[in-house]
Amino acid sequence: MDELQWQSLAVRSGITRSPEGEHSEALFLTSSYVFDSAEHAAARFAGDDPGNVYSRYTNPTVRSFEERLAALEGAEACVATASGMAAILSTCMALLKAGDHVICSRDVFGTTRTLFAKYLANFGVEVSFVPLLPLEGWRDALRDNTRLLYLETPSNPLCEVADIQSMAAIAQASDALLVVDNCFCSPALQRPLSFGADIVIHSATKYLDGQGRCVGGAVLGRQELMDEVLGFLRSCGPTMSAFNAWVFLKGLETLSLRMQAHSASALLLARWLQEQPNVESVFYAGLESHPGHVLAAKQQSAFGGVLSFRVRGEKAAAWKVIDATRLMSLTANLGDAKTTIVHPATTTHSRISPQERHEAGITDNLIRIAVGLEDIEDLKADLQRGLESLG
Ligand SMILES: *Cc1c(COP(=O)(O)O)cnc(C)c1O
């Protein structure tokens, strides 16, 4: 298996065929497992026999998903979780303790900020938030007790790009772990472990599913780290459901094809938006004008499906463009075959203060689009209606 190319691994890895000889991956909907004898049960519980005991611990379908995703990220091990947030929580609970310090990018998913700022702080973990760029800000925030650096690249919604290799060097020099949420790129476009990151986080809910059906997550990295994360999961319970694992497992087969299509359409749409008179600026790392373009081109095999742009005018203009769409879905989700459009300042980023929003560049005239798999001409027409109405 190890010798196969990436796309072959996406289709072929992680398969254990049952005695029925099924061709497609089996879905094991079972909460528990039966033993041959009392002695066999005892051996399973003692860990002398490595088989299944209970689906909070292990499930064959979940394991298939974990093995396939690990192959695609180039990770030694993977632990599947109930959601992306459960992946982040499990990582923190397994690897941090009271008195530790975390540095988190300011430009991460809103709920991730809440998890660090509210819940971890309640348990005595200190957290500093720094802008994703420049990297010097991270160096300045380091303390003796810094154990974890946490970031997303490219960032949401302005597509800023952090140099994972340089960040890994900063983490290593201070005995901290670098954790990268790879949700926006997926392993089809970017493999953070290959640049020295210690841990990769996924919200499988997004591109790994790709069709907006299930909620799930994953943590990937070295075996010894994942053993700790798995230990937390077994005792505390945020495990992935077998059904969801099956959906994600099948999603991985088409992940690269979808990511290439999302990326190609996003680039066309970004270029088209740049030419529209009522568009002030476009944020997409695929554009040569984007400050992160050269780094993204080195670190990623394509630029992904998410872009944002500022319209001429204020909030009213942005809302007008959003409300004029008929095809795009007005929802904060992303990573779906269906294109989604959202106004970050009043939705995904509404809970942070106006001052912080201003510093992060989330202006009232900013619109984010997660480009889906519809025909690009229909997407342009859907935006053109609103943009032309701005006069
Ligand atoms: C959605 C998302 C999460 C959280 O994942 P859930 O599956 O919704 O819990 C974390 N990080 C990023 C970048 C996300 O987009």
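Proline 134 sits in the loop between β3 (126-130) and α6 (136-141). In this predicted model, a cis peptide bond joins leucine 133 to proline 134, with omega about -5°. A cis bond also links asparagine 156 and proline 157; here omega is about 0°. Proline 157 belongs to the loop between β4 (146-152) and α7 (164-173). Most peptide bonds are trans, and most residues other than glycine have a negative phi.

Cysteine 159 is found in the loop between β4 and α7. Its phi is positive, about 60°, although cysteine 159 is not a glycine. Cysteine 159 has a relative accessible area of 3% and is therefore buried, the limit being under 20%. Aspartate 175 likewise has a positive phi of about 60° and is not a glycine. Aspartate 175 lies in the loop between α7 and β5 (177-181). Its relative accessible area is 66%, so aspartate 175 is exposed, the limit here being over 50%.

The largest pocket has a volume of about 630 Å³. Its lining takes in 30 residues. Tyr57, Thr58, Arg63, Leu230 and Arg234 lie nearest the pocket centre. At least two lining residues come from each of α2, α3 (60-73), β1 and α9 (223-236). The most come from α9, which gives six residues.

Helix α2 spans residues 38-46, and His40, Ala41 and Arg44 are buried within the helix. Viewed down the axis of α2, the buried residues fall within an arc of 100°, so they line one face of the helix. Ala38, Glu39 and Ala46 are exposed on the other side of α2. Glycine 47 follows α2 and has a positive phi, near 85°.

Serine 83 is placed in the loop between β1 (77-81) and α4 (84-95). Serine 83 is buried, at 18% relative accessible area. A polar atom of its side chain lies 3.4 Å from the backbone nitrogen of methionine 85. Beyond neighbours within four places in sequence, serine 83 is in contact with Val215, Gly216 and Gly217.

Lysine 206 carries an annotation in UniProt. The unreviewed entry places the feature "modified residue: N6-(pyridoxal phosphate)lysine" at Lys206. Lysine 206 lies in the loop between β6 (199-203) and β7 (217-221). The relative accessible area of lysine 206 is 10%, and the residue is buried. With neighbours within four places in sequence left aside, lysine 206 is in contact with Phe109, Cys183, Asn333, Leu334 and Gly335.

Leucine 252 is part of helix α10 (residues 242-253). Leucine 252 is buried, with a relative accessible area of 0%. Its contacts, leaving aside neighbours within four places in sequence, are Ala10, Phe65, Arg68, Leu69, Leu72 and Leu208. Between leucine 252 and valine 53 there are 27 Å in space, C-alpha to C-alpha, and the two are 199 residues apart in sequence.

Conventions. Residues are numbered from 1 along each chain as its sequence is written. This is a predicted model: local features need pLDDT of at least 70, side-chain atom pairs count only at pLDDT 80 or more; totals for chains, interfaces and linings use all residues. Side-chain values use heavy atoms; hydrogens and water are left out. UniProt positions are given in the numbering used here, feature names are shortened, and annotations may be inferred rather than shown by experiment. Helices (H or I, at least four residues) and strands (E, at least two) are DSSP runs, numbered from the N terminus. Buried means under 20% relative accessible area, exposed over 50%, partly exposed in between (1.4 Å probe, protein chains only). Contact means heavy atoms within 4.5 Å. The arc is that of the directions from the helix axis to the C-beta atoms. A polar contact is a pair of N or O atoms within 3.5 Å; within protein, one must be able to donate a hydrogen and the other to accept it, and residues adjacent in sequence count only if both atoms are side-chain atoms. On a 1 Å grid over the protein atoms alone, a cavity is a set of points where a 1.4 Å probe fits but cannot get out, and a pocket is an open set with protein on both sides within 12 Å along at least five of seven lines; lining residues have an atom within 4 Å of a point. Grid points are joined across faces, edges and corners, and a volume is the space filled by probe spheres set on the points.
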